Every structure is written in structure tokens, then in C-alpha cells.
Amino acid sequence: MALHMPTFLPRPTLPAFRSLPGVSRAQALSQKLATNPLLTDSLALLNEYLPAPSPLLAAIDQRIPLALKQLVVEAPLNRLFAEAIADGEFDDFEGRRIRLELNGGQPSVTFGFWTGRLRIVDGPGETTIRGSLSAFKTLAERNHDPDQLFFQRRLVIEGDTELGLALKNLLDSLEWHIRISG
């Protein structure tokens with residue numbers, strides 16, 4: 001099924017402009033585009049009618065070997081929470097497995113805490129936290145109270161709910177921030 005852009009939407013043209021002192025050309029372009037109502041409205045329309053990225057992400061996820069996922073994810077995850085790990089904040093999670101999963105089951109990742117490190121592992125978790133890509137992005141960026149995401153059922157805990165709630169409470173109590181562009 002092909003997606004056709006409505007003909008009533010004009011094609012945006014980008015005006016030529018100079019960079020402001022101290023601001024790179026890319027930053028200036030980004031600022032200019034972010035304030036262009038035609039572009040923001042067009043992107044909102046595309047976001048509304050384009051298919052969800054989950055099937056594509058699932059296909060990619062199934063083809064990535066576990067060793068590569070571990071290489072890419074574990075080091076940044078352990079750096080992000082290094083202070084909390086050193087302070088023993090994750091000790092209650094020793095040997096436990098938690099799965100994060102998009103609605104529909106894929107893509108997903110199971111992680112655990114062993115010998116002072118967060119690790120990506122294969123297989124199911126004792127608890128599963130499931131939701132949409134936007135809900136996980138909101139959670140990671142800390143734009144809303146995490147409880148609100150769960151009360152609105154945008155994120156759901158299945159399995160050992162006590163373990164899932166303990167992780168949610170720990171993440172909520174720590175000082176950390178991720179900015180996801182896009």
C-alpha cells in the first residue's frame with residue numbers, strides 16, 4: 001500500500017540564510033525549520049498517517065546478534081547509572097531479569113544486574129514492561145511523571161509487578177537524563 005501525500009500541501013522551500021555568530025549552520029537551520037508552521041504541520045500529518053515503525057524495528061531487532069546488542073547497549077547503560085551502581089542502588093536487582101518490550105512484542109530487550117553491572121541477556125524476564133515507542137521515549141527523557149504513564153496504561157507491567165515497580169521507583173529516584181532526538 002503506497003502512501004500518497006495530499007495535493008493540497010505545498011512543498012516546503014528552504015530560504016537561504018546566514019548563520020548567526022556562534023551558531024553553526026546546522027543549528028541555525030534546525031531553529032528555522034522548528035519555527036516553520038508549514039513544516040511542523042506537514043510532519044504532524046505524516047506522523048499521523050505513516051505506519052508505526054514497530055514492524056521495521058522488530059525485523060531489525062531479530063537480525064541483530066545478542067553480542068552486538070551487548071556491545072552497543074551495556075557500556076552506555078552502565079556509564080549512565082555508574083554512581084547509583086557504585087552506591088549499591090541496584091543491589092536488590094542482583095540476578096533478576098527485566099524485559100522492556102514494545103507493544104506487539106518486538107523489538108524488546110531483557111536486561112539484568114550481575115556482579116555490579118547491568119547486562120543485556122537473552123530470553124524472557126521475570127517482569128515485562130510494555131508500551132509504545134513514544135511512551136518509552138517520554139519515560140527516558142523524563143518529560144512526565146512515570147506514574148502517569150502507568151496510570152494512563154501507556155506503560156504496563158506484567159509478571160512480577162513488585163520487581164517492575166521497584167525498578168520504576170529506583171529510576172524515578174535517581175538523577176539521570178537522556179535526550180532522544182527525533
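Trainee: Which residues are linked in a network of salt bridges?
Mentor: This is a predicted model. A salt bridge needs a side-chain nitrogen of Lys or Arg within 4 Å of a carboxyl oxygen of Asp or Glu. The network links Arg99, Glu101, Arg130 and Glu158.

Trainee: Thr128 touches some of those residues. Which residues is Thr128 in contact with, leaving aside its neighbours within four places in sequence?
Mentor: Start with its place: Thr128 sits in strand E4, residues 127-131. Set aside the neighbours within four places in sequence, and the contacts of Thr128 are Arg99, Glu101, Val156, Ile157 and Glu158.

Trainee: Is Thr128 buried or exposed?
Mentor: The relative accessibility of Thr128 is 11%. The cut-off for buried is under 20%. Thr128 therefore counts as buried.

Trainee: How many salt bridges does the structure hold?
Mentor: Take one of them: Arg96 and Glu126 meet through their side chains at 2.6 Å, N to O. Asp160 and Arg96 meet in a salt bridge too, at 2.7 Å. For the structure, the number of salt bridges is six.

Trainee: How many residues apart in sequence are the parts that Arg96 and Glu126 tie together?
Mentor: The side chains of Arg96 and Glu126 meet in a salt bridge. Arg96 lies in the loop between H5 and strand E1, and Glu126 in the loop between strand E3 and E4, so the parts they tie together have a sequence separation of 30 residues.

Trainee: How exposed is Arg96, as a relative accessible area?
Mentor: Partly exposed runs between the buried limit of 20% and the exposed limit of 50%. Glu126 is partly exposed, at 32%. Arg96 is partly exposed as well, and its value is 26%.

Trainee: Asp160 and Arg96 also pair. How many residues apart in sequence are the parts they tie together?
Mentor: Their side chains meet in a salt bridge of 2.7 Å, N to O. Asp160 lies in the loop between strand E5 and helix H8, while Arg96 lies in the loop between H5 and E1, so the parts tied together have a sequence separation of 64 residues.

Trainee: Which helix holds Asp147, the partner of Lys168?
Mentor: Lys168 and Asp147 meet in a salt bridge at 2.4 Å, N to O. Lys168 lies in helix H8, so the pair ties that helix to the one that holds Asp147, helix H7.

Trainee: Is Lys168 buried or exposed?
Mentor: Lys168 has 8%. Buried means under 20%. Lys168 therefore counts as buried.

Trainee: Now the surface. Which residues gather in a patch of negative charge?
Mentor: One of them is Glu83, in helix H5, residues 82-86. Glu83 is exposed, with a relative accessible area of 64%. The patch is made of Glu83, Asp87, Glu89, Asp91, Asp92 and Glu94.

Trainee: Which helix gives the most to the nonpolar patch?
Mentor: The nonpolar patch covers about 510 Å² and is made by Ile60, Ile64, Leu68, Leu71, Val72 and Val73. Four of its residues come from the helix that gives the most, H4.

Trainee: What is the relative accessibility of Leu71?
Mentor: Leu71 belongs to the nonpolar patch. Its place is in helix H4. Exposed means over 50%. Leu71 counts as exposed because its relative accessibility is 65%.

Conventions. Residues are numbered from 1 along each chain as its sequence is written. This is a predicted model: local features need pLDDT of at least 70, side-chain atom pairs count only at pLDDT 80 or more; totals for chains, interfaces and linings use all residues. Side-chain values use heavy atoms; hydrogens and water are left out. Patches are made of residues with over 30% relative accessible area and no salt bridge: like charges are joined within 9 Å, nonpolar side chains (Val, Leu, Ile, Met, Phe, Trp, Tyr) within 5 Å. Accessible areas come from the Shrake-Rupley method with a 1.4 Å probe; for residues, only the protein chains shown count as cover. Lys and Arg count as positive and Asp and Glu as negative; His and the chain ends are not counted. The place of a charge is taken as NZ of Lys, CZ of Arg, CG of Asp or CD of Glu. Helices (H or I, at least four residues) and strands (E, at least two) are DSSP runs, numbered from the N terminus. Buried means under 20% relative accessible area, exposed over 50%, partly exposed in between (1.4 Å probe, protein chains only). Contact means heavy atoms within 4.5 Å.
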